Amino acid sequence: MLLKKLFATAISLCIAQFLYAQINIKNPVLAGFYPDPSVTRVENDFYLVNSTFSYFPGIPVFHSKDLKNWKQIGNVIDRPEQMNFMGDGVSRGLFAPSIIHHEGIYYVTCTLIDRKGNFVVTAKNPAGPWSNPTWLPEVKGIDPSLFFDNDGKCYIVYNSDPPENKPLYSGHRTIRAYEFDYQNLKVIGEEKLLVNGGVDISKKPEWIEGPHIFKRNNWYYLCAAEGGTSVNHSQVILRSKKPMGPYIPYENNPILTQRHLDANRKNPITSAGHAELVEGPDGKTYALFLAVRPYEGEYYNTGRETFIAPVEWKSDWPIINPNHEEIKYNYQFGFKEAKQKNVLPQSGNFTYRTTFEKSLDPSLLFLRTLDTSWFKLSKKDGLNMKLKPETCMDKGHPAFIGKRQQHLHGSISTALTFQANKKNEQAGLLIFQNEDHFYFLCKSVNEGKNVIQLHTSKPKTKTTDLIEQVTIPEAATVYLKIEANGSYYNFYYALKSNQWQLLKANVDGKLLSTKVAGGFVGALYALYATSNGENTENTAKFKWLDYKGNDTTYK
């Protein structure tokens with residue numbers, strides 16, 4: 001009898017341990033505009049970076065111990081002396097960073113498109129500070145990444161032009177590599193062509209890019225995206241016995257794509273690719289990659305986001321998301337969750353308030369550079385922003401502080417203390433996709449009266465249209481709210497906290513979609529104050545910023 005009880009107790013403990021070791025991870029793990037993920041593991045810690053294009057600071061650095069709970073610990077490009085993006089459109093700037101660790105040093109390689117091209121920066125701590133860039137003029141192309149071999153050699157691999165710069169078809173690209181002197185941060189020897197066109201050039205594969213080399217079981221693997229970053233996006237794999245090839249493609253490529261699925265399926269995840277593989281806490285392999293969540297057809301406003309899926313190895317070939325056609329919104333994995341302190345949520349539905357007492361959250365974004373002279377923080381007033389002549393329609397540095405839209409359904413709101421002196425002085429909330437595609441909910445004056453206005457961009461004219469206006473009585477503080485509902489937005493104001501009045505409903509959200517606006521970014525909510533070309537000493541005070549996300553896919 002005693003043995004039976006002991007056996008039953010042991011079984012119960014085993015079951016309890018099994019259940020305790022389960023972790024539920026919701027996709028996307030980084031919701032909103034977090035494209036082109038690259039991840040590296042250092043002992044029991046994971047570090048991840050993303051593209052930021054012309055936003056500043058550039059290249060966020062996230063830390064996790066469980067691939068679920070990600071905390072932003074810094075930014076790679078956080079000093080104007082490193083670089084700035086003045087004059088660049090929001091979808092230019094920094095393309096596809098890659099992070100790796102070797103012998104106590106962290107390396108990030110990236111492309112500054114339209115400028116000096118490819119570079120490498122280093123740090124002893126992934127939270128920073130990161131070095132000034134070392135430029136790599138010999139590396140012609142985009143998406144560079146480093147691979148450290150066991151024999152002490154290092155290689156840099158990247159997307160580049162077709163042979164002799166003579167494309168055989170639109171989207172014809174190559175993958176090339178150099179040996180790399182990681183101590184002196186420069187290439188060695190001659191450039192080597194690794195892949196021409198893609199896994200099967202006879203099928204005219206487009207835009208092979210985002211390459212990573214890694215080693216497993218004496219095989220060298222070249223993992224890359226193919227098909228462009230829209231609905232035909234995919235991930236492919238090749239392998240070799242030598243780091244410089246020749247690389248042989250997997251016969252069952254691609255190892256990840258959603259392009260063959262029914263476009264009308266419920267709650268689709270599309271455009272999956274640009275993956276990097278990493279060993280998880282349980283010793284199994286996982287893929288971090290970009291994908292999107294359209295609310296209708298090919299329309300999405302939240303940009304390309306970071307997703308996770310398991311990887312299964314078959315005959316020494318990796319398969320991402322095995323046993324499932326569709327990428328799942330929830331996965332159960334067999335390891336423990338490791339929550340972090342003082343971390344903002346990045347996945348699932350959440351609500352939080354950002355205050356501006358001492359410092360700005362590292363996830364908040366400026367346009368193109370950082371100049372702290374036009375804003376200050378205080379416990380009493382919150383964020384005090386000086387109105388600048390620059391506007392968000394130009395390619396300069398306006399008084400703009402952005403927060404990513406991370407949900408298809410949700411809202412952003414703020415408390416604004418501001419008195420305009422002239423009608424050109426405006427302060428409030430933007431929902432911003434790029435210089436030609438945005439809505440602006442603001443307080444201003446018109447004919448000597450205080451007004452709440454809603455403006456929309458007029459593409460390529462550097463002007464806006466006033467689409468709604470209401471006169472309001474004198475009020476020390478007004479409250480503004482933008483509500484996202486998939487393909488449309490609602491705009492509200494209040495004279496007393498939470499007493500919301502609708503200014504304009506069902507405003508077309510497709511204006512802010514990637515399909516309409518183009519480019520590679522997602523929509524940002526932003527605190528914004530402008531004098532529209534005129535100099536002024538006027539200021540606007542934002543007490544707090546409330547964010548709420550409520551997507552049905554998480555329920």
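**Entry 1: a sheet from edge to edge**

I started with S29 and strand S38 (residues 524–530), which pair in the antiparallel sense over six bridges. I had to look up two terms: strands are DSSP runs of E with at least two residues, numbered from the N terminus, while helices are runs of H or I with at least four. Two strands pair if DSSP finds at least two bridges between them. Within this pair, Ile-401 stands opposite Leu-527 in S38.

Before going further I noted what I was working with. This is a predicted model, where local features need pLDDT of at least 70, side-chain atom pairs count only at pLDDT 80 or more, and totals for chains, interfaces and linings use all residues. Residues are numbered from 1 along each chain as its sequence is written, and side-chain values use heavy atoms, with hydrogens and water left out.

Then I followed the sheet across. Six strands make an open sheet in the order S29-S38-S31-S32-S33-S34, with antiparallel pairing. Strand S29 (399–404) and S34 sit at the edges with a single partner strand each, so one side of each has no neighbour in the sheet. From one strand to the next the twist averages 25° (axes are lines fitted to C-alpha atoms, for helices over the stretch in contact, and angles run from 0 to 180 degrees between N-to-C directions).

At the S34 end I found strand S33 (residues 449–458) joined to strand S34 (residues 463–471) by eight bridges, running antiparallel. Thr-456 has Asp-465 in S34 as its bridge partner. The hairpin of S33 and S34 has four residues between the strands, and Lys-460 there takes a positive phi near 70°.

**Entry 2: the whole chain**

I zoomed out next. The protein chain has two helices and 39 strands. Its radius of gyration is 25 Å, close to the 24 Å that the globule rule gives for 555 residues, so the chain is as compact as a globular protein of that length. That radius is taken over C-alpha atoms, and the rule is 2.2 Å times the number of residues to the power 0.38. The C-alpha trace spans about 80 × 75 × 45 Å along its principal axes. Of the 555 residues, 59% count as buried (buried means under 20% relative accessible area, exposed over 50%, partly exposed in between, with a 1.4 Å probe and protein chains only).

**Entry 3: an enclosed strand**

How many of the seven residues of strand S17 (residues 234–240) are buried? I got seven of the seven, so S17 is largely enclosed by the rest of the structure. In a regular strand the side chains alternate between the two faces of the sheet. I checked both faces of S17: Ser-234, Val-236, Leu-238 and Ser-240 are buried on one side, and Gln-235, Ile-237 and Arg-239 are buried on the other.

Then I listed partners. Strand S16 (residues 219–226) runs antiparallel to S17 with seven bridges, and Cys-223 stands opposite Ile-237. Strand S19 (residues 256–257) joins S17 through two antiparallel bridges, with Leu-256 as the partner of Gln-235. Strand S18 (residues 248–249) also has two bridges to S17, again antiparallel, and Leu-238 stands opposite Pro-249 there.

Most residues other than glycine have a negative phi, and most peptide bonds are trans. I went looking for exceptions. The bond from Gly-245 to Pro-246 is cis, with omega near 10°, and Pro-246 lies in the loop between S17 and S18. The bond from Phe-56 to Pro-57 is cis too, with omega near 0°.

His-274 isn't a glycine, yet has a positive phi of about 50°. It belongs to strand S20 and is buried at 6% relative accessible area. Arg-368 has a positive phi of about 80° and is buried at 0%.

**Entry 4: the largest pocket**

I finished with the largest pocket, which has a volume of about 740 Å³. Its lining has 26 residues, with Ile-213, Phe-214, Lys-215, Leu-277 and Val-278 nearest its centre. Among the strands that each supply at least two lining residues are strand S15 (209–216) and strand S20 (270–279).My note on the terms: on a 1 Å grid over the protein atoms alone, a pocket is an open set of points with protein on both sides within 12 Å along at least five of seven lines, and lining residues have an atom within 4 Å of a point. The volume is the space filled by probe spheres set on the points, which are joined across faces, edges and corners.

Note on methods: 1 Å grid on protein atoms, 1.4 Å probe; cavity = no way out; pocket = protein on both sides within 12 Å on 5 of 7 lines; lining within 4 Å.
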